[in-house]
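The sequence and structure come first.

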Amino acid sequence: MSNKPLNGIKIIDFTHVQAGPACTQLLAWFGADVIKVERPGSGDVTRTQLQDIPNVDALYFTMLNSNKRSLTLDTKKPLGKEVLEKLIKESDVMVENFGPGALDRMGFTWARIQELNPKMILASVKGFSDGHHYEDLKVYENVAQCAGGAASTTGWWKGENSGPMISAAALGDSNTGMHLAIGILTAIIGRQQTGKGQKVAVSMQDSVLNLCRVKMRDQQRLDRLGYLEEYPQYPHETFSDVVPRGGNAGGGGQPGWILKCKGWETDPNAYIYFTVQGHAWAPICDALGKPEWKTDPAYMTPKARQPHITEIFATIEDWLKDKTKFEAVDILRKFDIPCAPVLSMKELLHDESLRASGSIAEVQHKTRGSYFTVGSPIKFSDMKPEITGSPLLGEHSDEVLAELGYTKEQIAEMHSKEVV
Ligand code: COA
């Protein structure tokens, strides 16, 4: 515990729901002292959202708030504001993801925060960036996916279900939190050089867009060429002037698709992703028992293959029909073909490799007992993040207030006035 790189960094975690908490949780794993400031009585809304055990913090909360301390504080009451001011003076970073203007309305403008502590780093998540014509909007995950280009480029391009599609991955929430963590660490290094803090702002729209970089690439290619050769629409269908949805096509120069394996009729995840990597064409032909394709001009180059890529995938599917997804990958891996089984959440939860690496971690919680969480995706040679249970609401209020110098009597008064 003692040699975590972020030991000594004190963070006021004024976050809720997912985007902010994902960021501060990551920093807590790496050693920061993260004090989650929550409204007395209710706390972060995710404590009670989608509860699976009555009166026990929901997994939504426990999986995003491990390794933190919880301080309840009504920051709209004068005494609560006074406590927050003290905390600001003694902390390195304050992270918040309230709706637009909420922190200002509470009296904690950036100017005021700097006045209290010029070294403070204020890190904010908002739906849209400052000055954006939608800057006043409150935003949740799916709103961000629509605003950031993910929804318009995900899904099917024709048929009954061809509208924009939301990804199940939290591109708007946790992804924005990860961007914010990078910003905070950069500002901490910047402060070592200048002695001054700064404001770090990340918008959910920008964070989604940052992951849609290749789709912005495609828009410009489309503007120039009028077609996109790696999309399933090419060459038999027409393109409009906007990047279309490409189903499960590979996003780069390597065509790929999700293919059915043995049992797909009853198992919703009996599929693999198969990539037709250009220079791996010969091994693909060998793996599929189609050596004649290696020298057939209609198959030899990526350009020659593209007009009948769906027929190639159909042939591979035929080869897959008597193999489970795991058997198929075990054969294809010997030929160095980039592929993977489509894994369900159940399979991931019980995956021995993920358990061994700490990517899936078992955690003890005071009232829930044991549960599983997604551990750190970042691995270090000299540090293994240990994941501890999330705090109960206000569990550390008295401890944190005492550290700030409040006496037992003052703390009791705050409780009686419902400030904490
Ligand atoms: N004590 C007293 N008041 C508190 C408090 C505390 N400890 N913590 C929060 N509040 C108040 C805020 O000051 C705010 O008051 P005000 O609106 O009267 O000024 C109020 O609680 C609620 O803030 P808000 O963040 O707007 O909550 P919401 O539930 O209406 O909206 C979001 C939720 C997520 C839509 C909104 O916070 C948002 O858009 N955040 C930015 C983008 C984001 O992070 N989205 C979610 C990603 S998971």
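Lys290 and Glu292 form a salt bridge in this predicted model, and their closest N and O atoms lie 4.0 Å apart. Lys290 has a relative accessible area of 26%, which makes this residue partly exposed. Glu292 also counts as partly exposed, because its relative accessibility is 44%.

In total, 28 salt bridges are present in the structure. One of them joins Asp52 to Arg368, with 2.6 Å between the closest N and O atoms. This pair connects distant parts of the chain, since the two residues are 316 residues apart. Asp52 sits in the loop between strand E2 (33-38) and helix H2 (59-62), while Arg368 belongs to the loop between strand E10 (360-365) and strand E11 (369-374). Asp52 is partly exposed at 44% relative accessibility, whereas Arg368 is buried, with a relative accessible area of 12%.

Another salt bridge is formed by Arg221 and Glu230, whose closest N and O atoms are 2.8 Å apart. Arg221 is partly exposed at 24% relative accessibility. Glu230, with a relative accessible area of 12%, falls under the 20% limit and is therefore buried.

The pairs described above are listed here.

| Salt bridge | Closest N and O atoms |
|---|---|
| Asp52 and Arg368 | 2.6 Å |
| Arg221 and Glu230 | 2.8 Å |
| Lys290 and Glu292 | 4.0 Å |

Salt bridges also occur as a network, which links Asp33, Arg69, Glu399 and Glu403.

Conventions
Residues are numbered from 1 along each chain as its sequence is written. This is a predicted model: local features need pLDDT of at least 70, side-chain atom pairs count only at pLDDT 80 or more; totals for chains, interfaces and linings use all residues. Side-chain values use heavy atoms; hydrogens and water are left out. A salt bridge is a side-chain nitrogen of Lys or Arg within 4 Å of a carboxyl oxygen of Asp or Glu. Helices (H or I, at least four residues) and strands (E, at least two) are DSSP runs, numbered from the N terminus. Buried means under 20% relative accessible area, exposed over 50%, partly exposed in between (1.4 Å probe, protein chains only).
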